[in-house]
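My notes follow the model.

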Amino acid sequence: MDFAKLFSLEGRVAVVTGGSRGIGEMIAEGFIAAGCERVYVTARKVEVVQETAARLGPKCIALPGDISTTAGIEALAEDLRARESRIDILVNNAGAAWGAEFTEFPEAGWDKVMNLNVKTPFFLTQKLHDLLKAAATDHPAKVINIASIDGLRPNPWETYSYQASKSALIHLTRRMAARLIKDNIVASCICPGAFPSEMNKAAARNPDASAKGIPSRRVGTIEDMAGGAIYLASRAGDYVVGTPLPIDGGIVNGWVPQDAVDPSGH
């Protein structure tokens, strides 16, 4: 067994949505370090996407766009199809959250979150199906959906559509995996815990406080997230089909003090 090749992404082409910052940026940086030939990152804010691509180097390519709409999904797919004959790895990471009291929670906060967190991963994968199939020859192509530990257990915050959407995405991953494996495309799912990001401001601004509610007693790092994503994207993860992988320092399966600060930060 060649251990180096087991976790290598040498020569592969990856797409990371929501890849300009936070967890998406961590994954993109990890993929490049693991040998990806090209990593496309996409997000709405043009300057931020371009800055991230410039920081990560020539193997990172910025594709700004809004994939919260069907038109945006189709535009991204066409752009990628014009550039590539195959896509080895698709990471559906773009997402949104919304918090409001139960009696005041708006329909807009439901529709925006459910559309981006559940609808977009499905239809983007559908639109890129041919490019993923084209890559699934010598090795399986990979689809990695980014859910959340909030899809595995409820947190005390009133983020109704967010928690529902992440639970839906976990189950959607299982259903997609059962279909896509027929085309040698392996779908799986990462459920992050507390990682510093714009969405999880608590972990970003006050990691020590967040760490009190985590059995591992720290928030996640780029190595933690990149390591998990590389595992699933590489040969090492070829037999992991439809499985949600918590990367959370033990929150879901560990002991958390009753008086701890909720580490999700949503």
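For the terms, contact means heavy atoms within 4.5 Å. Axes are lines fitted to C-alpha atoms, for helices over the stretch in contact, and angles between N-to-C directions run from 0 to 180 degrees. Helices (H or I, at least four residues) and strands (E, at least two) are DSSP runs, numbered from the N terminus.

I noted that helix α10 (residues 222-233) also packs on the sheet, where it touches β4, β5, β6 and β7. The direction of α10 makes about 165 degrees with that of β6.

The model is predicted: local features need pLDDT of at least 70, side-chain atom pairs count only at pLDDT 80 or more, and totals for chains, interfaces and linings use all residues. Residues are numbered from 1 along each chain as its sequence is written, and side-chain values use heavy atoms, with hydrogens and water left out.

Next I traced the sheet. It is open, has seven strands in the order β3-β2-β1-β4-β5-β6-β7, and pairs in parallel; two strands pair if DSSP finds at least two bridges between them. β3 (60-62) and β7 (244-247) are at the edges with a single partner strand each, so one side of each has no neighbour in the sheet. The twist from one strand to the next averages 20 degrees.

Last, I checked β5 (residues 141-146) and β6 (residues 185-192), which run parallel and are joined by six bridges. V143 has A187 in β6 as its bridge partner.
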